[in-house]
Amino acid sequence: MPTEDAPDDLMLHPSFVTVDGLEGHLARVELPDGTTEDWPLASLPPGVREGDVIRLTVHGGDLEAEIDHAQTRDRLTAAQAGMDALNAGAPTGDVEL
(Lines give C-alpha, C1' and ligand atoms only; values in the text may rest on other atoms or scores of the structure.)
Protein backbone atom coordinates (compact mmCIF):
# COMPACT_ATOMS: atom_id res chain seq x y z
CA MET A 1 0.00 0.00 0.00
CA PRO A 2 1.50 3.33 -0.99
CA THR A 3 2.20 5.89 1.70
CA GLU A 4 3.60 9.41 1.52
CA ASP A 5 6.95 8.13 2.78
CA ALA A 6 7.14 5.21 0.39
CA PRO A 7 5.00 5.88 -2.67
CA ASP A 8 4.17 2.87 -4.81
CA ASP A 9 4.73 4.86 -7.96
CA LEU A 10 7.86 6.96 -8.22
CA MET A 11 6.76 8.03 -11.70
CA LEU A 12 3.17 9.12 -11.12
CA HIS A 13 2.59 10.02 -14.75
CA PRO A 14 3.79 7.97 -17.67
CA SER A 15 6.63 9.24 -19.75
CA PHE A 16 6.86 8.65 -23.47
CA VAL A 17 9.77 7.96 -25.79
CA THR A 18 9.65 7.42 -29.53
CA VAL A 19 11.65 4.73 -31.30
CA ASP A 20 13.64 6.60 -33.91
CA GLY A 21 15.54 3.63 -35.33
CA LEU A 22 16.53 0.03 -34.80
CA GLU A 23 20.00 -1.31 -35.48
CA GLY A 24 21.20 -4.71 -34.34
CA HIS A 25 20.53 -5.10 -30.64
CA LEU A 26 20.01 -1.37 -30.08
CA ALA A 27 17.11 1.01 -30.45
CA ARG A 28 17.68 4.75 -30.84
CA VAL A 29 14.94 6.43 -28.83
CA GLU A 30 13.94 10.07 -28.76
CA LEU A 31 13.45 11.28 -25.20
CA PRO A 32 10.80 13.83 -24.18
CA ASP A 33 13.41 16.63 -24.27
CA GLY A 34 14.23 15.83 -27.90
CA THR A 35 17.60 14.20 -27.26
CA THR A 36 18.30 10.65 -28.35
CA GLU A 37 19.86 7.67 -26.61
CA ASP A 38 20.68 4.12 -27.66
CA TRP A 39 18.81 1.58 -25.53
CA PRO A 40 19.13 -2.20 -25.59
CA LEU A 41 16.38 -3.55 -27.83
CA ALA A 42 15.68 -6.16 -25.12
CA SER A 43 14.56 -3.35 -22.77
CA LEU A 44 11.65 -2.49 -25.07
CA PRO A 45 8.44 -4.44 -25.67
CA PRO A 46 8.61 -7.37 -28.09
CA GLY A 47 7.67 -6.45 -31.63
CA VAL A 48 8.62 -2.79 -31.28
CA ARG A 49 9.11 -0.99 -34.61
CA GLU A 50 10.52 2.31 -35.79
CA GLY A 51 8.05 5.10 -35.09
CA ASP A 52 6.42 3.36 -32.15
CA VAL A 53 5.66 5.47 -29.08
CA ILE A 54 6.59 3.69 -25.85
CA ARG A 55 4.80 4.51 -22.59
CA LEU A 56 7.09 4.17 -19.55
CA THR A 57 5.69 3.78 -16.06
CA VAL A 58 7.18 2.74 -12.75
CA HIS A 59 5.17 0.44 -10.51
CA GLY A 60 6.62 -0.77 -7.26
CA GLY A 61 10.11 0.15 -8.39
CA ASP A 62 9.85 -1.75 -11.68
CA LEU A 63 9.99 0.09 -14.99
CA GLU A 64 7.31 -1.03 -17.40
CA ALA A 65 7.45 -0.26 -21.11
CA GLU A 66 4.43 -0.67 -23.37
CA ILE A 67 3.79 0.28 -26.99
CA ASP A 68 1.14 3.00 -27.01
CA HIS A 69 -0.63 2.20 -30.27
CA ALA A 70 -3.01 5.19 -30.05
CA GLN A 71 -0.12 7.67 -29.55
CA THR A 72 1.83 5.97 -32.34
CA ARG A 73 -1.13 6.26 -34.71
CA ASP A 74 -1.78 9.91 -33.74
CA ARG A 75 1.85 10.92 -34.26
CA LEU A 76 2.08 9.11 -37.61
CA THR A 77 -1.15 10.79 -38.74
CA ALA A 78 0.17 14.22 -37.69
CA ALA A 79 3.49 13.60 -39.45
CA GLN A 80 1.68 12.54 -42.64
CA ALA A 81 -0.53 15.64 -42.48
CA GLY A 82 2.60 17.78 -42.20
CA MET A 83 4.15 16.06 -45.22
CA ASP A 84 0.92 16.47 -47.20
CA ALA A 85 0.85 20.19 -46.35
CA LEU A 86 4.46 20.60 -47.47
CA ASN A 87 3.77 18.79 -50.74
CA ALA A 88 0.48 20.58 -51.42
CA GLY A 89 2.16 23.31 -53.45
CA ALA A 90 4.51 20.99 -55.33
CA PRO A 91 4.20 20.88 -59.11
CA THR A 92 2.45 17.88 -60.59
CA GLY A 93 3.33 15.86 -63.62
CA ASP A 94 6.69 15.01 -65.12
CA VAL A 95 9.74 17.07 -64.29
CA GLU A 96 11.80 18.05 -67.34
CA LEU A 97 15.49 18.59 -66.77
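Student: Is Arg 28 buried, partly exposed or exposed, and why?

Tutor: The general idea is a scale of relative accessible area, where buried means under 20%, exposed means over 50%, and partly exposed is in between, computed with a 1.4 Å probe and protein chains only. Arg 28 has a relative accessible area of 34%, and therefore it is partly exposed. Please keep in mind that this is a predicted model, in which local features need pLDDT of at least 70 and side-chain atom pairs count only at pLDDT 80 or more, while totals for chains, interfaces and linings use all residues. Residues are numbered from 1 along each chain as its sequence is written, and side-chain values use heavy atoms, with hydrogens and water left out.

Student: With which residue does Arg 28 form a salt bridge?

Tutor: A salt bridge is a side-chain nitrogen of Lys or Arg within 4 Å of a carboxyl oxygen of Asp or Glu. Arg 28 forms one with Asp 20, and their closest N and O atoms are 2.9 Å apart. Asp 20 is partly exposed because its relative accessible area is 39%.

Student: How many salt bridges does the count come to?

Tutor: By that rule the count comes to 3 salt bridges. In one of them the side chains of Glu 66 and Arg 55 meet, at 2.9 Å from N to O. This pair links distant parts of the chain, with Glu 66 in strand β5 (residues 62–67) and Arg 55 in strand β4, 11 residues apart. Arg 55 also meets Asp 68 in a salt bridge between side chains, again with 2.9 Å from N to O. Here too distant parts of the chain are linked, since Asp 68 is in the loop between β5 and α1 and Arg 55 is in strand β4, 13 residues apart. Through shared partners, these salt bridges join Arg 55, Glu 66 and Asp 68 into one network.

Student: Which of these residues is buried, and why?

Tutor: Asp 68 counts as buried because its relative accessibility is 8%. Glu 66, at 45% relative accessibility, counts as partly exposed, and Arg 55 is partly exposed as well, with a relative accessible area of 24%. For the chain as a whole, buried residues make up 21% of the 97 residues.

Student: What pattern does the chain follow along the sequence?

Tutor: Helices (H or I, at least four residues) and strands (E, at least two) are DSSP runs, numbered from the N terminus. Here the chain has 1 helix and 5 strands, and read along the sequence its pattern is β-β-β-β-β-α. Arg 75 is found in helix α1 (residues 69–87), and it is 23 residues from Asp 52 in sequence but 9.1 Å away in space, C-alpha to C-alpha.

Student: With which side chain does the side chain of Thr 57 make a polar contact?

Tutor: A polar contact is a pair of N or O atoms within 3.5 Å; within protein, one must be able to donate a hydrogen and the other to accept it, and residues adjacent in sequence count only if both atoms are side-chain atoms. The side chain of Thr 57 makes such a contact with the side chain of His 59, at 3.4 Å. Thr 57 has its place in strand β4 (residues 53–59), and it is buried because its relative accessible area is 16%.
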